[in-house]
Amino acid sequence: MAAEAAAASPLRRPDRDRTGPRRARWAGLALLGLLAAGLWLAGPGQPVPGQGWTPPANPEGSGVYTRNSRLAAIERLAAGEAPGPETVRVADGQLYAGLADRRMLRLELDGSRPTAISLAPGRPLGFARTLETGFVIAAGDQGLGYAIRSKRRGILAGEVQGEPLRAVTDVAVTAEGWVYYTEASRRHPTDQAYEALVGQAADGRLLRYHATQGGPSEVLLEGLRYPGALSLSADRQSLLISETGAYRLRRLWLAGPRAGQSEIWVEGLPGYPDGLSPRPGGGYWLALYAPRHWLIDRAAAHDGLRRLLLRLPSGLQPRPAQRAQVLALDEQGRVLESLEDRTASAYAPISSVVEHEGWLYLGSPSQDGIGRLRLSPAPAAAPAS
């Protein structure tokens, strides 16, 4: 009887009625946990360093960007002697590279006789030869530096307007002694490039310094989206800038009726543009550091989503695929051809590209050795539009 009374008591629900509330409680707790995690991930504790924007459509896989393996034949020069050759240059019939261990390396065009001729004041992310048989160097968070073959080195500009330079990434020197250089971000040093790119940092600058007159650096352009590399145009009338975080190239006119004006020259690229250089037959070569990632593109216009991505554990953050890719452009900036390699053994990422006597020479911040590829006949120019 006692058992029957207990079973019939209104204070105790039948067993079949207890399952639903228990599930509802667990579902509620799970929902609260997800909400709390979302608020933490997207909360104000993680600032959004940039300005939202909507990237242009990705042309990946269509037209000239049809998948190919033309960079699979890259050979490696000075493997074991040239770790992380971020930037490569050809001058006076010899090859030069700035290495991850801060050495400035000189070698023959076939990769033989590698010789360290100076030591940079910081990692040489970009450099230019000078008439004094030395180098002007983009030395990352050390600023704008120099190195002379006698092993002398130092800093030409470590701050601008009282603010330390955090991410000097490339340089270009004119015959008049002007040194143009990029600061990729005023907030993020170079080891925070991912945060700057995903966060859509729009705090990069183009500056110039006079090699012989000295004095403070002059700010020419501000608000750039991670400007990574520079090249003087073939006619020396303008300066081309890889605006890496915006998938585009910008032009600053140095001479002529438009001197001092800037414009977007190429936009809507399928990846992050980096090093560029004139092609001997006209036009330019452009290195794409990595392809675009759809989620990073989607987050570009949404502050909360960018906060969330930046606060995810490293293993869960979206990362662009590793791909070797360079583009041939004509004088108008139209893409003539894309050369790539998507295999696991690809020479990637590519940060620098230069053509000399039918060969492409390639640099990478993480690969061992300098890449070299024999070119097929030059692509024909695109018809005028």
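In the predicted model, the side chains of Arg 123 and Glu 86 meet in a salt bridge, with an N to O distance of 3.7 Å. Arg 123 lies in the loop between strand S5 (115–119) and strand S6 (126–129), and Glu 86 in the loop between S1 and strand S2 (87–91), so that the pair ties together parts of the chain that are 37 residues apart in sequence. The two partners fall into separate accessibility classes, since Arg 123 is partly exposed at a relative accessible area of 27%, whereas Glu 86, at 14%, is buried.

A further salt bridge is formed by the side chains of Glu 163 and Arg 186, for which the N to O distance is 2.7 Å. Here Glu 163 belongs to strand S11 (residues 163–164) and Arg 186 to the loop between strand S13 (178–183) and helix H3 (193–198), so parts that are 23 residues apart in sequence are tied together by the pair. Arg 186 has a relative accessibility of 28% and therefore counts as partly exposed.

The structure holds 21 salt bridges, among them that of Glu 60 with Arg 323, whose closest N and O atoms are 3.1 Å apart. This pair links distant parts of the chain, 263 residues apart, with Glu 60 in the loop between helix H2 (15–42) and strand S1 (75–77) and Arg 323 in the loop between helix H5 (303–311) and strand S22 (324–329). Glu 60 is partly exposed, with a relative accessible area of 28%, while Arg 323 is buried, with a value of 8%.

Through salt bridges that share partners, Glu 60, Arg 323, Glu 340 and Arg 342 are joined into one network. Within this group, Glu 340 lies in strand S23 (residues 335–341) and has a relative accessible area of 0%, so that this residue is classed as buried. The side chains of Glu 340 and Arg 342 are joined by a polar contact of 2.6 Å. When residues up to four places away in sequence are not counted, Glu 340 touches Arg 67, Asn 68, Ser 69, Arg 70, Leu 71 and Ala 72, and also Arg 323, Ala 324 and Gln 325. Leu 336 is likewise found in strand S23 and, at 15% relative accessibility, counts as buried. The C-alpha atom of Leu 336 is separated by 6.9 Å from that of Val 64, although the two residues are 272 apart along the chain.

Several features of the backbone were also examined. Most residues other than glycine have a negative phi, and most peptide bonds are trans. In this model, a cis peptide bond joins Ala 348 and Pro 349, with omega at about 0°, and Pro 349 is found in the loop between S23 and strand S24 (352–356). Arg 113, which is not a glycine, has a positive phi of about 55°; its place is in the loop between strand S4 (103–107) and S5. With a relative accessibility of 63%, Arg 113 counts as exposed. A positive phi, near 60°, is also found for Gln 200, again a residue other than glycine, which is placed in the loop between H3 and strand S14 (204–210). Gln 200 counts as buried, because its relative accessibility is 4% and the buried class comprises values under 20%.

Key:
Residues are numbered from 1 along each chain as its sequence is written. This is a predicted model: local features need pLDDT of at least 70, side-chain atom pairs count only at pLDDT 80 or more; totals for chains, interfaces and linings use all residues. Side-chain values use heavy atoms; hydrogens and water are left out. Helices (H or I, at least four residues) and strands (E, at least two) are DSSP runs, numbered from the N terminus. Buried means under 20% relative accessible area, exposed over 50%, partly exposed in between (1.4 Å probe, protein chains only). A polar contact is a pair of N or O atoms within 3.5 Å; within protein, one must be able to donate a hydrogen and the other to accept it, and residues adjacent in sequence count only if both atoms are side-chain atoms. Contact means heavy atoms within 4.5 Å. A salt bridge is a side-chain nitrogen of Lys or Arg within 4 Å of a carboxyl oxygen of Asp or Glu.
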